[in-house]
Amino acid sequence: MSTYKSAKGLVETTDPEIDKPIYRRPGFDGITTLGEMDEKIAAFLRKAREDEGLTRADLSPLLGLSVPVYGRYERAFSKMHVTRMIHLCEILGFMPIEMLFEAAPHLWGRTPEEAEDRLELAKLMAALPHDTTRDLLALVKRMVAQQKAADAATASSTTKDEGR
């Protein structure tokens with residue numbers, strides 16, 4: 001298990017919401033608590049709703065919720081199920097990756113810049129017509145294959161050089 005934790009970059013930490021030690025991967029600013037991630041998700045929801053020009057009273061019935069119940073999500077008081085997140089994506093028009101990125105951008109890259117670039121690329125790709133997406137997919141697959149071949153050649157060359 002220690003090899004797995006090390007390979008994934010997991011470190012032991014504590015969180016006020018969990019009574020046992022847990023393992024997390026540090027983000028760009030260290031390890032955020034689960035509560036801090038909930039607050040970032042809540043802020044994202046509030047902004048997404050406001051960007052659509054909706055009040056909580058407008059949005060709640062679309063979700064089949066009362067205003068106070070929905071308000072708990074925006075105040076990080078209640079945790080949301082994945083199915084509720086999907087429903088919010090449908091209604092407010094954002095991609096799940098956007099909400100998750102707000103809580104854990106380090107999952108998208110080794111640096112904040114790399115993570116932002118990957119999020120932007122995902123959003124741009126989602127807006128492409130299907131034919132263009134297919135062409136882009138074929139191009140990226142060729143690029144990945146070429147990179148793997150180049151990496152293998154470099155590794156082989158390095159191994160030969162070390163043997164001399």
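Glu-120 sits in helix α7. The model is predicted. At 48% relative accessibility, Glu-120 is classed as partly exposed, because that class runs between the 20% limit for buried and the 50% limit for exposed.

Glu-120 belongs to a patch of negative charge on the surface. Helix α7 spans residues 112-126. This helix gives the patch its largest share, four residues.

## The largest nonpolar core

The largest nonpolar core holds 17 residues. Within this core, the most other members are touched by Leu-45, Tyr-70, Leu-88, Phe-94 and Met-99. At least two core residues come from each of these helices: α2 (34-51), α3 (56-63), α4 (67-74), α5 (82-92) and α6 (96-103). The top contributor is α2, with five residues.

## Ile-86 on helix α5

Helix α5 also carries Ile-86. Is Ile-86 buried, partly exposed or exposed? Its relative accessibility is 41%. Ile-86 is therefore partly exposed. Buried would require a value under 20%.

Ala-152 is 66 residues away from Ile-86 in sequence. In space, the two C-alpha atoms are 40 Å apart.

How values were computed: Residues numbered from 1 in each chain as written. Predicted model: local features only at pLDDT ≥ 70, side-chain atom pairs only at ≥ 80, totals over all residues. Heavy atoms only, no water. Patch = residues over 30% accessible without salt bridge, like charges linked within 9 Å, V, L, I, M, F, W, Y side chains within 5 Å. Areas by Shrake-Rupley, 256 points an atom, 1.4 Å probe, with all protein chains shown as cover. Salt bridge = Lys/Arg side-chain N within 4 Å of Asp/Glu carboxyl O. Lys, Arg positive; Asp, Glu negative; His and termini not counted. Charge placed at Lys NZ, Arg CZ, Asp CG, Glu CD. Buried < 20%, exposed > 50% of the residue type's maximum accessible area, 1.4 Å probe, protein only. Core = buried A, V, L, I, M, F, W, Y, C linked by side-chain atoms within 4.5 Å.
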